[in-house]
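Let's take a look at how charged side chains pair up in this protein. Have the sequence and the 3D view ready, and we'll go through them together.

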Amino acid sequence: MTEREQELIRLAEEEVKKNKEVVEGDSYRLRYHLMPPVGLLNDPNGFIQWNGTYHLFYQWMPFKTGHGAKFWGHYSSEDLMNWKHEPIALAPSEWFEKNGCYSGSAVEHDGKMVLFYTGNVKDADGNRETYQCMAVSEDGVTFDKKGPVVELPEGYTAHFRDPKVWKKGADWYMVVGAQSEDLTGKVALLKSSDLKEWQHLGAIAGSGMNGLGEFGYMWECPDLFELDGVDVLVASPQGLEADGMKYQNVYQAGYFVGELDYESGVFEHGDFIELDRGFEFYAPQTTLDEQGRRLMVGWMGVPEQDEDKHPTIAHKWVHALTLPRELKWVDGKLLQVPVEELNLMRKDQLVEQSDLQLSDDGIGLVIGLSKAFEMSLFLEKAVATFEMALSDTVQLTFDASDSVFSLRRKSFVTGEWETRSCSLQALTELRAYVDTSSIEVFLNGGEEVFTARIFPDGTAHERITLSGVGKIGELRVWELEG
């Protein structure tokens, strides 16, 4: 580790200590989600299970609640539930990363953990250079930087970043988020036999490709993996126009399902589908764990979407990561299911009821002063309308007459109600994870998901109100302990 890197890490650690009391004094601090110890958190990076331990890195700006020259923060866990904050993994200390160790991924090779990340470089006039870099660790905690292994291929601007690496057969492959010289978003594919020398195979997806038409000016954080016989490409396009209920956030995160021909470098795929219909979800990353599960974690935030107005900024921190989700491909649908380990967080059962008849008068459920809980509802298929009001901040609604489910929240910017919606033919199951300032809602076994930051006016949610036309077969609420 160079003297410059040691100094940057020391300064970041001092920032954590200096602001610890202010940060932890925030009533909106989450109970069971991963957050920065101070400053700004964004993309999850380097998600891997290595030697039996899960490692999850994150983009981190420790010195302010805005963006800048990013570090890699680091969490580890044995069970996806209890997380340990590890020492800083990467600091932007070298010439090839002086303006940020940007997003990337992790693989295991020869018993070592190998990180790939983007080194961001800008000159005095703001002109950008980009390098895909490698760092190696024998203990999963300290990393030896090896420098750039990929320089910018022809045909792209310097917006070329976020390498995701995996092995297929005897070879290694890398997808990189990119912008082509005609200023359209792309995903580039590269190949290597040794992780050091990489061959650019070309763009496999992007705006104007595979019948997609115009589809954004930059694609970030790609991730390509096989899931139950299909190839899934996850990407976060920037520059999409809102289209009805779709693409309502400033930037999107979604996926394509298809088949990648590794010989020709051609990826034939279907339509783009958003992964999450809520207000805050972006730049997810997946890993394959030792149980063979495809797990995903996303950033519970969106760049340039009122980031400077989050109430937590008064306490010197902003943003968090989502709960880990397992991805499943079932009957032509990509399902997202909370990992089963989360059941271990259940503490006291606050509510257990069955055969509840909904009405316009509403059913009130008192949950006390719990700030963190899980709710599980199974509904009769004949439910015509459904509404759940959570304190004075969140409403979940379903109307079978127009097949629309919506999440409404009070804006933390204006205080007015705002809405995100999706098409849903029937509502049969609803599972919600509520934390002090977040909600993640899983519908019909993960068919649709809504994630949002919420900031209740009071100190607790205290009461849930259910109303509508139909019947709830079973309802349970557990207090959660992170």
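## Salt bridges overall

Searching the whole structure turns up 29 salt bridges, a salt bridge being a side-chain nitrogen of Lys or Arg within 4 Å of a carboxyl oxygen of Asp or Glu. Side chains of opposite charge can pair when their charged atoms come close.

A quick note on the ground rules: this is a predicted model, where local features need pLDDT of at least 70 and side-chain atom pairs count only at pLDDT 80 or more, while totals for chains, interfaces and linings use all residues. Residues are numbered from 1 along each chain as its sequence is written, and side-chain values use heavy atoms, with hydrogens and water left out.

## A buried pair

Start with Glu5 and Lys145, which form a salt bridge with their closest N and O atoms 3.2 Å apart. This pair links distant parts of the chain: Glu5 sits in helix H1 (residues 3-24) and Lys145 in strand E8 (residues 144-150), 140 residues apart. Helices (H or I, at least four residues) and strands (E, at least two) are DSSP runs, numbered from the N terminus.

Glu5 is buried at a relative accessible area of 3%, and Lys145 counts as buried too, at 16%. Here buried means under 20% relative accessible area, exposed means over 50%, and partly exposed is in between (1.4 Å probe, protein chains only). Glu97 joins in as well: Glu5, Glu97 and Lys145 are linked in a network of salt bridges.

## A pair within one helix

Now for Lys20 and Glu24, whose salt bridge has its closest N and O atoms 2.9 Å apart. Both belong to helix H1, and because they are four residues apart there, about one helical turn separates them. Lys20 is partly exposed at 46% relative accessible area, whereas Glu24 is exposed at 53%.

## A pair between two strands

Glu352 and Arg476 also meet through their side chains, in a salt bridge of 3.6 Å from N to O. Glu352 lies in strand E23 (residues 346-358) and Arg476 in strand E33 (residues 463-480), so this pair ties together parts that are 124 residues apart in sequence. Glu352 is exposed, with a relative accessible area of 52%, and Arg476 is partly exposed at 28%.

## A loop residue

Where does Asp125 lie? Find the loop between strand E6 (112-122) and strand E7 (128-137), and Asp125 is there. At 69% relative accessibility, Asp125 counts as exposed.
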